[in-house]
Amino acid sequence: MDVCSVMRWPRSHALLWIVLVGFSSARDAGAQYRATQWTAESGLPQNSVRGIVQTPDGYIWLATLNGIARFDGIRFTVFNKSNTPGITSNRFTSMVPGDGGDLWLASEDNNLIRFHQGRFDLLNEAAGIRPHSVSAVTTDHRGGIWALADEHSYKWNPAKQRFERESYSDDSLHFIPLWWVGTGFWAQRDHQLICLAHGRLEKYTLPSSLKPEQIRGVAIGGDGMVWVGTHDGRLGRLVGGQYIVQRGEIVTDFVNQTRRNWRVHISQNFARSLFFPSGDSEHGIPYNVLLRDSDDNMWVGSEGEGLFRIQQQSIRTLTSSQGLASDNVYPVMRARNGDIWVGSWPAGISLIRNGQVIRAFTQKDGLPGLVTALAEDKNSTLWIGSHNGVRVLANGHFSTPAGLPKDLPAAQVIFETKEGAKLFGTSNGMYVLDGANSHWMTTRTGLAADDVRVIISDHKGDLWIGGYGGLTRLHGGEITKWTEGQGLPSNNIRSIMEDASGEIWVGTYDGGIGWLRDGKWVDFSQDQGLFDNGAFQMLEDKKGFFWISSNSGIYRVRRSELEDVADGRRTRVISVAYGRADGMVSVECNGGLWPAGATDDQGVMWFPTQKGVAVIDPAVVRAASTPPRVKIESSYVEHNLQPETSQVVLRPGQTNLEVNYTALTYFKPEQTSFRYMLEGVDNDWQEVGSRRTAYYTHLPPGQYKFLVSAHNSDGVESVDSATMMITVVPPFYRRPWFIALLVAAILVAIRIAWTFRVRQLRKEQKAQQAFSRELIASQENERRRIAAELHDSLGQRLIVISNLALFLLRRKGKQHSEADKVETLEEISAEASHALEETRAISYALRPFQLDRLGLTKAIHALGKTIARASEIEITTDLENIDKVFPEELRINFFRIVQEALNNIVKHSGATRGSVTVRCTKTQVTLSISDNGKGLSSEPRTIVSGPGGFGMTGMRERAMLLRGKMQIKSEVNGGTTLIIDFPIGVEQANERSHSSAAG
């Protein structure tokens, strides 16, 4: 019989060709396979795949009739005429691999395009061939490349980097492509068929019965078998000069040591289909090309149906098609003799022996529907719980056991103790069937839950009872119970397992799993790496793996990794999930009815699902042992694609960076987990699960190194991390030259400010010196005035008094009359009174006596009245109490300011009215003195030190002593207002408040 084989090129060139050879292997006779399909709806450019190649870097490349796609198992990256220079047509007819990861592509516009070192280049005369002349391209297992151009065979010369016409391809031969794409060319001369197939040139003699003009196509397999089709619809083999016609569809075996029982169908028009065992039947895929990748997956490129990946299934599913009573399976139990019993809905139990269903019992046999529990007693009698009561199966007959309550709810678990008592877990508690000692146990009698779902016994004989409400342990007569409050991961207990070390684990419906370790619970959930938070059943294999069922499928974790997480040696466990791609008809497992799965004598595990029982043999489950190859595919700055993947630069104003990466593994690629780190930003690796994009925003200026690594589905880590250098260019104002310039500018500014301040201080010092000179001069003038007044006025009056007194004392001359004496004394008295008044005036000019006797407020009131009487100017005063505001030694300054201002009104303003107002708050005193006079010729807004009269200077200096700020507001013929704000401290404000309150 003719057969088909697949060749896999060395150096990771994974192009596979179907050929006709003999069958040679009996390995994996019962293996089942499943195909995963990708079409244009899932990212493939187009559904006709004309070439598949795996390049040395691990990518799968696909040639289609709408562009080239690079595939990492998850995402397609498409290269076509619109986005890639060098591509002249989106329709590619074939693709073969070359050395060093090169791709050679023939397009429908008869061009040959080479993908070399990341670029697509159109080959032309410089490469030895004419554009729009190439109709096919082929290769051999050593990477040699041949092109069919202008009906002649050309071979690529790597040393010269050009094609050279083969010597056998003379002008008398006109080659055309072999029928199966990428396999080679053929021509005919007389009664000879000349073929270049897979790099080998062969000549075949045509029989006299086969006229050359009758041939419509030729195909050659990898084994050298020549197939010839004729225009009259015949298809035959060319063997030893004989043309052996094949009638109808040709079926051959597919040769591969790991693909036993695969077959290839060849139609009369050369169309091929690959058939492989899948479930209960063979699944067929029409195809153009095949590829066996480095992970031992088979890739199929079809004509019109897209891309397929065929993987060996790790799970075998038994359904009603294999004889189960029904598909919706709940309890699964291993009997002592090694048989597997399966209970299902809507009715029935099934007996499985040696992996095959040998008997099914249904309602016709007397078994109620909706089987809820299975158990075997010490007499090997099968106990069956259902929604219609409990039955026992003995000697092939069903019966109803005695002693059970008539209203017993559906038994969700049945268990026999070592003493022989039967325990029935129900939604209303646990019924103990023990003859005269039969009784109920509920939460009222110590159970953690009334809704009992699972019962097991450990190696010490303790009973563990779980359900929806918590977990209970019966140790002799002692009851211990746990709920979420005592550390359980969830109160909804669905499974209990004693591991090989004798420790207890619980599985929950929604909280993951829990481990009772040294009397305390250690919880594990999706946060610690579990595939799902459901754990309906947990089974341990011989290698220390836990196999766990859930609503999302079956997953596997290593016990040692759970222990490492518990001890803090790692943060997450590796979960390997199994689902439809692994052979499950339904990923939704069933649980909550016991037992929810079992392990047979060979270590094969049986799990109930919505559609049959899933059977897993851990010993033969395929594992992904090859480390994934991590690649950084692209980066985007402000959503713009960057040209390099080894480095990226962010310019000033660019704040958003996106890095896309992948891991090249094709066995469960969706379960690959990633972690990345940006050195200089991240302190540790960031675990990001299956996410294949990293985002960074507002990175500070500097140099960074981005690293990403991956774990495959079995936890094997990539050997090397992929890296990218990231440069964030600082804006000009953060660059060294600008900072240096800024520092210099600041220093210059400080120098200018210092110089200005020094000049200002010197100016103020000169003003102060001028004021001091004026003050000294004023003091000298005041001394002269006082001396003059004392001499000219007070002194003269004292002389007069002295003379008058002497006049009275004279004895010589005429005797004074009494009238003369009285007149003289009156003159002395008058002179003395005038002298007294002048003395008081001089004293008042030096310091008003009212200031000490009456206080500052009343002294100013008196001053206003005095000036009003002396000047005939109406002076009004509106003063708040400020007696305690200023220190005693400084009050004279406030008084003198008011005095000088009023004197200025009298002397210079020409006013008829004036006013003095004092307002006081907690923080300042405001003095306002105004008149309605002729105003000032200029309008200074703020009074500062400078030249001027001593009166104004005196007020300014006295205000400075009181830390006051003085302003003058004046308009011509509009009067003048003097305003001074004096700040006061808290102590003065409090003292004023106390003084006001006391008053």
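Author: Let us begin with burial. Trp505 counts as buried, because its relative accessibility is 0% and buried means under 20%. This residue belongs to strand β49 (residues 504-508). Please keep in mind that the model is predicted.

Reader: How far apart are Trp505 and Val522 in sequence and in space?

Author: Trp505 and Val522 are separated by 17 residues in sequence, and their C-alpha atoms lie 9.5 Å apart in space. Ile980, in strand β72 (residues 975-983), is buried, with a relative accessible area of 0%. From Ile980 to Met966 there are 14 residues in sequence and 4.3 Å in space, C-alpha to C-alpha.

Reader: What should I look for in a salt bridge?

Author: The general idea is that side chains of opposite charge can pair when their charged atoms come close. A salt bridge is counted when the nitrogen and the oxygen are within 4 Å. In this model the count comes to 32 salt bridges.

Reader: Which parts of the chain does the pair of Asp72 and Arg692 tie together?

Author: The side chains of Asp72 and Arg692 form a salt bridge of 3.5 Å, N to O. Asp72 sits in the loop between β6 (67-71) and β7 (76-79), and Arg692 in the loop between β64 (686-689) and β65 (693-697), so the pair ties together parts that are 620 residues apart in sequence. Both Asp72 and Arg692 are buried.

Reader: Where do Asp582 and Lys668 lie in the chain?

Author: Asp582 and Lys668 are joined by a salt bridge, with the closest N and O atoms 2.6 Å apart. This pair links distant parts of the chain, 86 residues apart: Asp582 is in the loop between β55 (576-578) and β56 (598-599), and Lys668 is in the loop between β62 (656-664) and β63 (673-679). Asp582 counts as buried at 6% relative accessibility, and Lys668 counts as buried at 4%.

Reader: Is Arg119 buried or exposed?

Author: Arg119 is exposed, because its relative accessible area is 56% and the limit for exposed is over 50%. Its salt-bridge partner is Asp121, the closest N and O atoms being 3.3 Å apart. Asp121 counts as partly exposed, at 27% relative accessibility.

Reader: Which residues are linked in a network of salt bridges?

Author: The network links Asp499, Glu503, Arg517, Arg559, Glu563, Asp564, Asp567 and Arg569.

Reader: How are surface patches to be read?

Author: Asp820, Glu823, Glu826 and Glu827 form a negative surface patch. Asp820 is placed in helix α3 (residues 818-846) and counts as partly exposed at 32% relative accessibility. A nonpolar surface patch of about 540 Å² is made by Ile739, Leu742, Val743, Ile746, Leu747 and Ile750. Val743 is part of helix α2 (residues 736-809) and is partly exposed, with a relative accessible area of 43%.

Reader: How many residues does helix α6 have, and what follows the helix?

Author: Helix α6 (residues 891-909) has 19 residues. From its first C-alpha to its last the helix reaches 26 Å, close to the 27 Å expected at 1.5 Å a residue. After α6 comes Gly910, whose phi is positive, near 65°.

Methods
Residues are numbered from 1 along each chain as its sequence is written. This is a predicted model: local features need pLDDT of at least 70, side-chain atom pairs count only at pLDDT 80 or more; totals for chains, interfaces and linings use all residues. Side-chain values use heavy atoms; hydrogens and water are left out. Helices (H or I, at least four residues) and strands (E, at least two) are DSSP runs, numbered from the N terminus. The expected span of a helix is 1.5 Å times one less than its number of residues. Patches are made of residues with over 30% relative accessible area and no salt bridge: like charges are joined within 9 Å, nonpolar side chains (Val, Leu, Ile, Met, Phe, Trp, Tyr) within 5 Å. Accessible areas come from the Shrake-Rupley method with a 1.4 Å probe; for residues, only the protein chains shown count as cover. Lys and Arg count as positive and Asp and Glu as negative; His and the chain ends are not counted. The place of a charge is taken as NZ of Lys, CZ of Arg, CG of Asp or CD of Glu. Buried means under 20% relative accessible area, exposed over 50%, partly exposed in between (1.4 Å probe, protein chains only).
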